[in-house]
Amino acid sequence: MQPLFISLTGKNVVIAGGGKMAVRKAKALKADMPKITFIAPSFCDEALDLAAEKGYQLIERKANLADFETAFLVILATSDRETNRKFASVLSRKQLVCVVDNAEEGNVTFPAAVQRGQLQIAITTNGASPKLARKLKHELELQFDESWETYLAFLSCCRSKIKKANVSAEQKNKWLNEILDDQFRSNLQAQKEMLQQMDVLLSEG
């Protein structure tokens with residue numbers, strides 16, 4: 001498997017299934033604001049609540065192949081093993097397909113993920129040990145605490161200013177390395193002073 005980060009904003013995502021696993025996958029995607037459609041003979045309360053909250057479409061019947069034609073990503077989360085296998089055998093040849101009860105039948109897996117603002121860390125064992133993936137996620141959540149969200153915002157702001165600066169490429173690279181110094185990671189005053197310095201230099205330039 002090749003790790004990729006893919007934007008799903010505005011993309012069609014079709015989820016075959018209306019149970020807790022289907023909801024779990026939808027919740028993992030909701031921050032990216034895709035257009036999600038659930039298809040299932042019935043839906044759990046969580047699915048109904050999530051659809052009402054986010055405006056997702058609910059189609060109350062069994063899924064068929066035609067339902068997936070315009071999907072950018074398909075998630076097969078029905079409670080029927082044979083149905084998931086049958087759809088995966090056709091769809092995974094031409095679309096992104098996640099099979100929740102047998103990842104090897106699809107071509108997409110959902111990694112354990114840690115997100116701190118613009119920082120994203122994904123962990124997978126390719127099915128070897130989901131428990132290890134969850135354990136590593138917990139350890140990384142402790143290592144990369146909430147202060148990293150502010151730090152990434154600082155780095156992003158600095159990079160934007162540096163790109164606009166009328167200085168040599170060498171000087172820009174020097175600044176980009178300088179802001180990686182550990183003093184800026186959790187010291188808000190140091191971040192503020194560095195941004196002020198950059199504003200002064202930009203105004204002079």
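Let's start at glutamate 82, which is partly exposed with a relative accessible area of 44% (buried means under 20%, exposed over 50% and partly exposed in between, with a 1.4 Å probe and protein chains only). This is a predicted model, in which local features need pLDDT of at least 70 and side-chain atom pairs count only at pLDDT 80 or more, while totals for chains, interfaces and linings use all residues. Residues are numbered from 1 along each chain as its sequence is written, and side-chain values use heavy atoms, leaving out hydrogens and water.

Glutamate 82 has a partner: arginine 85 forms a salt bridge with it, the closest N and O atoms being 2.5 Å apart (a salt bridge is a side-chain nitrogen of Lys or Arg within 4 Å of a carboxyl oxygen of Asp or Glu). Both residues lie in helix H3 (residues 81-91), three residues apart, about one turn of the helix. Helices here are DSSP runs of H or I with at least four residues, strands are runs of E with at least two, and both are numbered from the N terminus. Arginine 85 is also partly exposed, at 35% relative accessible area.

The whole structure holds 11 salt bridges. One of them joins the side chains of arginine 116 and glutamate 146 (3.7 Å, N to O). This pair links distant parts of the chain, with arginine 116 in strand S6 and glutamate 146 in the loop between H4 and H5, 30 residues apart. Arginine 116 counts as buried, at 13% relative accessibility.

Further along, lysine 161 forms a salt bridge with aspartate 199, and their closest N and O atoms are 2.6 Å apart. Lysine 161 lies in helix H5 and aspartate 199 in helix H8, so the pair ties together parts that are 38 residues apart in sequence.

Now to the interior. In soluble globular proteins, nonpolar side chains tend to be buried together. The largest nonpolar core has 22 residues, and Tyr151, Phe154, Ile179 and Met194 have the most contacts inside it (such a core is a set of buried Ala, Val, Leu, Ile, Met, Phe, Trp, Tyr and Cys residues joined through side-chain atoms within 4.5 Å). The elements giving two or more residues to this core are strands S6 (112-116) and S7 (119-123) and helices H4 (130-143), H5 (147-164) and H8 (188-204). H5 gives the most, with seven residues. A second, separate core of 21 residues includes Val13, Phe43, Leu73 and Cys98.
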